[in-house]
Amino acid sequence: MAAFFVFGVFDMNMAVRLGTDGAGEALDAREHLVVIGNGMAGCRAVEELLARDPARYRVTIFGAEALVNYNRIMLSPVLAGEKTFDQIIINDHAWYEGNGIRLVTGDSVVAIDRDAKTVRSDSGVEMAYDKLLIATGSDPFIIPVPGKDLPGVISFRDMKDVEHMLAAAGAGGPDGEPGRAVVIGGGLLGLEAAHGLSLRGMKVTVLHIMPTLMERQLDEAAGWLLKSALEARGQTILTGADTAEIVGDGKVEGVRLKDGRLIPASLVVMAVGIRPSTALARGAGLDVGRGIKVDDHMVTSDPDVLAVGECVEHDGQVYGLVAPLWEMCRALADGLTEQHTGYRGSVTSTKLKVSGIDVFSAGDFSGGKGAEDIVLRDASRGVYKRVVIKEDRVVGAVLYGDTADGNWYFDLLKKGEDIAPIRDLLIFGQAYASGGGQADPKAAVAALSDDAEICGCNGVSKGKVVQSIVDGAASLDAVRSTCKASASCGSCTGLVEQLLSLTMGEDYGGERTTKTLCKCTSFGHDDVRREIVAQGMRAIPEVMHKLHWSTPDGCSACRPALNYYLLCALPGDYVDDQQSRFVNERMHANIQKDGTYSVVPRMWGGLTNPRELRAIADVVDKFNAPMVKVTGGQRLDIFGIRKEDLPAVWADLNAAGMVSGHAYGKSLRTVKTCVGSEWCRFGTQDSTGLGVKMEQMTWGSWMPHKFKIAVSGCPRNCAESTIKDFGVICVDSGYELHVGGNGGMKVRVTDLLCKVATEAEAMHYCAAFVQLYREEARYLERTAPWIERVGLDHIKSRILDDPEGRDALTERFRHSQLFSQDDPWAARAKGAEADHHTHMGEFRPLALEAAE
Amino acid sequence: MIGDWLDIGAFDEIPPRGGRTVPVIGGEEIAVFRTGDDQVFALVNRCPHKRGPLSQGIVHGHAVTCPLHNWNISLATGEALGADKGCTPTIPVRVDAGRVLLSRMAVLATAMAA
Ligand code: SRM
Ligand SMILES: Cc1cc2nc3c(=O)[nH]c(=O)nc-3n(C[C@H](O)[C@H](O)[C@H](O)COP(=O)(O)OP(=O)(O)OC[C@H]3O[C@@H](n4cnc5c(N)ncnc54)[C@H](O)[C@@H]3O)c2cc1C
Ligand code: SF4
Ligand code: FES
């Protein structure tokens, strides 16, 4: 009876107030929460609400944009080509569906009727609410100059703007020149737009009205450093530049400054500021100042209407960053579920998302009465730090070049901690100031308070990260999916890892406590390799794209590594990228200090003959090689060959039957042998013969680092097998196989892998070991450090304990060798890649001058 | 008649993210680079560290890593990047109708200096 009553009353309600379809909803007795704005604050508020009481409200969200909820701050990396739109989605359609949320996209709310408690959308949908949440964000400010409405003048606020910019960059300029863009505004947004556009190939000019960039976040010194760094990247930065008009006939053609200068452009991005979007609220008669006025629980002047995000004014303040919005959403959700905590305003900090330029600022750095500065400048490292102190409290900080301590200063600032005891060391950062000199970075993280912010993009505190780890998120990925820390720009990945290891102690294996592959990525070698295979990636740009590389085309550390990983994963299929090879591997010879090359032909097992020796002697004569020497690896090395002569030298060596010795490669180098049973009075087996066979099996193979083999005919070990990557010592009963030796910088004696009875087995185990190394070691890691890292037991488990696995390794090695045993010299001698060996042109300017 | 710009060849002759060389008789060799975003730069082919041939380095972004000891050199300014200090002269260069043009004056200057 009671149930019927409830439904009955509700049905009547629906008839009067809803006027929507949704028969299912008619049966839903829950209060209806309507959210205007499908942006960062609106959706976050709903998330917070669901986390507290998922059953409490029935939710409908209106969004003016035709998209699901995405991370607006990541539009900059999308523009810069570092992320795709899919990667910045915060909540996909499944999230709305899974939580029973109705999403109306591409339709803005145009009116609120507070008496009837309904909203009306642009397309005419009318919907009743019990509680209304306004989260309309901000509108970009457009400076009122002539030409501001011309096609090609845009702002930087949503995905539409990004698409517009990409189209302009793609279109280029006249005559195949790069397109030109003007960005008005040298603040955070403007600089991120300019950075993205210039990475997309446009010639960018930034017009900033103030004398220094980002003057609201940076002091003059840091602003200047920033300006020079951006100029070094090819942008033109005009400060003190006041826009008079935007010119163009039917579309943008340029910007004229008040001093008369005209800057041509086919795209103008206005990023001069934002204004809270309040028109709707104002029209509904709500109290509006600079923003929609709200109390500590985000309630407007109407108790049934709430507001969060950039559209609100709280305690006289409006905000333009995400961190305050997270705090607002918590207070709002607490209020809606009757656990009143209340919002008390936020102190904000800023980071610039321009890859390779680290800028951090927080609080007040304008100085003023009673403020003292502590400044550190380290010009050679490009570091500038300034901490502003008032009455022994940090009130502001500006960091440039080294922002590692940003969170720490920000935490001190927010907590208003007395810094008098650490004042002398404060500027050197947390590691020094908390004692112990260059202390453990973990200690620094341990010292952060629970509410210190770890992930700025998603507003996640240290306490929250630790909580999700305690609740079972035992890996970086798990943390990312449970509390979202480190899931966006990745700059806090290191902090999250330290929290994992602090919280879990020994149990955290440190999947990624290893360093990242290079500064272009937050992934380590192993992650990159795993993802290449798992996602079936086929090219370097694809890897960089999918794994969010922070640079347009990597650096000299990651490109060769990626090239190798792809080559190893896709034998025969992957087309080597020559420009991602170190010079020696690109030139198939060793570069010398004077820019000439040395040439080492292969001599199988160290054996040679008169024909080869004559050919070498002839080459030395013919090309005037200044030196020829016997190497430490039992080969002959011809020095002082010019890059232009290399193909001819190789042609002559090829003619005598010699191929590349790969003395230049991260590849099989030499197989050293001794004379063995054929001649030596102690020899037990044919070590020379086995060495030749091993070299013929393994030559040409690309590896993580160079790889050396030796075969000695008896335990006297004349070929020094026990300091080679793979060493064989022949004994009466067979062959001892040794692995992981190194005679280089850090001498390491091999470990005994096993003993086998036949030569065929020795070859088979050798191939399996090489392939295991190729597949599992990190690029530039030789077998010695690799084995120390993974342990001999791991190698044994793969090669000794798992015969099928061993066969499979050998099979994969033989397969990949099908494609690598073509002599690279022969191809070059026949004219392949001639541009590596020829000049583009030549000049005799003086002669020409004289002739003139 | 010789103009202000010297035509040294087609832009396509430089591989993306690669460098080519132009020896100057009586002067210093010039390295011409093409970046991943198809911009062109030219420097004297001599690292400020120990004269490494920059043309043979790995080009990434608008920088080249010297093949000898891995200094990173800005293609736009010739300055060593990061902690290293030093500078290689730049040569004004542009692409016109698919041809790479070097500033005649700057090329001459390298010959004068040598
Ligand atoms: C030519 C040679 C010296 C000689 O005249 O005898 C030589 C020359 C170079 N060695 Fe070596 N190493 C030579 C045998 C060795 C040996 C002895 C051996 O192979 O039995 C070792 C110790 C064994 C070992 O590798 O474990 C050796 C350990 C190194 C190392 C240290 C490697 C390590 O892991 O610690 C380097 C540096 C590196 O690779 O990063 C190195 C690097 C080099 C480089 C490639 C340095 C460079 O990048 O320019 C030199 C190239 C010179 C050139 O232009 O040809 N060379 N080098 C030897 C060539 C062997 C061959 O025939 O291929
Ligand atoms: C390119 C860029 C980079 C940024 N980088 C950073 C950064 O690094 N760090 C930082 O802290 N902050 C950054 N910000 C600021 C940050 O994105 C904002 O603070 C945040 O998005 C504000 O959230 P919001 O929900 O209030 O507004 P929004 O995210 O803008 O959401 C408002 C939504 O409401 C919709 N809407 C408006 N009116 C209506 C209507 N009448 N009906 C229906 N829907 C409507 C809008 O279309 C929009 O989707 C950046 C902003 C931009 C644009
Ligand atoms: S390994 Fe043994 S057999 Fe061979 S040369 Fe040395 S001592 Fe002689
Ligand atoms: S010569 Fe260029 S880095 Fe040493």
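This is a predicted model: local features need pLDDT of at least 70, side-chain atom pairs count only at pLDDT 80 or more; totals for chains, interfaces and linings use all residues.
Residues are numbered from 1 along each chain as its sequence is written, and chains are lettered from A and ligands numbered from 1 in the order written. Local features need pLDDT of at least 70, side-chain atom pairs count only at pLDDT 80 or more, totals for chains, interfaces and linings use all residues, and side-chain values use heavy atoms, with hydrogens and water left out.

**Exercise 1.** Work out whether A:Cys718 is buried or exposed, and what it touches.

Start with the location: A:Cys718 is in the loop between β35 (707-712) and β36 (726-731) of chain A. Strands here are DSSP runs of E, at least two residues, and helices are runs of H or I, at least four, numbered from the N terminus.

Next, check the surface. A:Cys718 has a relative accessible area of 61%, so it's exposed (buried is under 20%, exposed over 50%, partly exposed in between, with a 1.4 Å probe and protein chains only).

Now look for partners. Leaving out residues up to four places away in sequence, A:Cys718 touches A:Cys674 and A:Ser712 (contact means heavy atoms within 4.5 Å).

**Exercise 2.** Describe the residues around ligand 1 by class, and find which come nearest.

First, sort the shell: 1 nonpolar, 11 polar and 8 charged residues. Ala, Val, Leu, Ile, Met, Phe, Trp, Tyr, Cys and Pro count as nonpolar, Asp, Glu, Lys and Arg as charged, and the others, Gly among them, as polar.

Then pick out the nearest of the 20 residues: A:Gln592, A:Lys629, A:Thr631, A:Gly632 and A:Lys706. A residue is near if one of its heavy atoms lies within 4 Å.

Finally, zoom in on atoms. An oxygen atom of ligand 1 is 2.6 Å from a side-chain N or O atom of A:Lys706. For A:Ser598, a side-chain N or O atom is 2.9 Å from a ligand 1 oxygen. At A:Met745, a backbone N or O atom lies 2.7 Å from an oxygen of ligand 1.

**Exercise 3.** Find which residues share an aromatic cluster with A:Phe707, and say whether A:Phe707 is buried or exposed.

Begin with the members: A:Phe707, A:Phe726, A:Phe769, A:Tyr773 and A:Trp786 form one cluster. Rings of Phe, Tyr and Trp (its six-membered ring) pair if their centres lie within 6.5 Å; planes under 30 degrees apart count as stacked, over 60 as edge-to-face and the rest as tilted.

To finish, check burial: A:Phe707 and A:Phe769 are both buried.

Methods. A polar contact is a pair of N or O atoms within 3.5 Å; within protein, one must be able to donate a hydrogen and the other to accept it, and residues adjacent in sequence count only if both atoms are side-chain atoms.
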